[in-house]
Amino acid sequence: MAKKTQQTKFIGQVTKIRQTEPQTVIEWPRALTHVHTYGMLSPFFQGLKEGKLKATFCPNKKCPEDRLWIPPRAHCPDCHTEMKWKTLRNPVIGKVYAFTEVVYAGTGIELSTPYWQIDVQLPGLATVPKSYLLYGKPYIGMKVMAEFRTEKPSNTVLDYYWVPVE
């Protein structure tokens, strides 16, 4: 017979029972920390904290793609050369290309709903970056200006948004 010198002990919290009929349902709270690296795209997020919108571009003179990229790319999608950084001059002004009203945001979107998610066309970009309109109601072609959450930044892409210029 084994001795009880070192027993395995329950160290958790007792769960709360929600119901017992027709089957038992318990509440078992869990917390999850998602660890995520921005890797080679870290300068983009550092720029947001500093009130700067940074884009990447391909430095390969032989590459057919010479436009800027936001969201940034670590490597050129056309020739796979490591991209370089360029800071867009403030104020960054673009035009609403598309928009949608978000009523039910997904997990991890820390914005109050409803809000306007907008795609903004910027001159010289190969992409149409997506963000949100801080206030107002968007329309196609509406002029908007990038602003930044530099005080208490979230350190996510939510640290830049657009406001109407008109």
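Is His-80 buried or exposed?

## A residue out in the open

This is a predicted model, so let's start with one residue in it. His-80 counts as exposed because its relative accessibility is 60%, and the cut-off for that label is over 50%. You'll find His-80 in the loop between β3 and β4. Its phi is near 70 degrees, a positive value in a residue other than glycine.

Lys-152 is another one to look at. This residue has a positive phi of about 50 degrees, although it is not a glycine. Lys-152 sits in the loop between β8 and β9, and it is exposed too, with a relative accessible area of 77%. For background, most residues other than glycine have a negative phi.

## Two cis bonds

Now for the prolines. The peptide bond from Ile-70 to Pro-71 is cis, with omega near 0 degrees, and Pro-71 is in the loop between β3 (54-57) and β4 (84-87). The bond from Thr-113 to Pro-114 is also cis; Pro-114 belongs to the loop between β5 (93-102) and β6.

## Inside the protein

The largest nonpolar core has 22 residues, and Leu-53 and Trp-162 touch the most other members. Two or more residues each come from α1 (42-49), β6 (115-121), β8 (143-148) and β9 (160-164). Among the contacts of Trp-162 are Val-92, Ile-118, Leu-133 and Met-145.

Apart from this core lies another one, of seven residues, including Leu-111 and Val-163.

## A hairpin

Strands β1 (residues 16-19) and β2 (residues 25-27) run antiparallel, joined by three bridges. Ile-17 has Ile-26 in β2 as its bridge partner. Together the two strands form a hairpin, with five residues between them.

Methods: Residues numbered from 1 in each chain as written. Predicted model: local features only at pLDDT ≥ 70, side-chain atom pairs only at ≥ 80, totals over all residues. Heavy atoms only, no water. Core = buried A, V, L, I, M, F, W, Y, C linked by side-chain atoms within 4.5 Å. Buried < 20%, exposed > 50% of the residue type's maximum accessible area, 1.4 Å probe, protein only. Helix = DSSP H or I, 4+ residues; strand = E, 2+ residues; numbered from the N terminus. Contact = heavy atoms within 4.5 Å. Pairing = 2+ DSSP bridges. Lists of a residue's contacts leave out its neighbours within four places in sequence.
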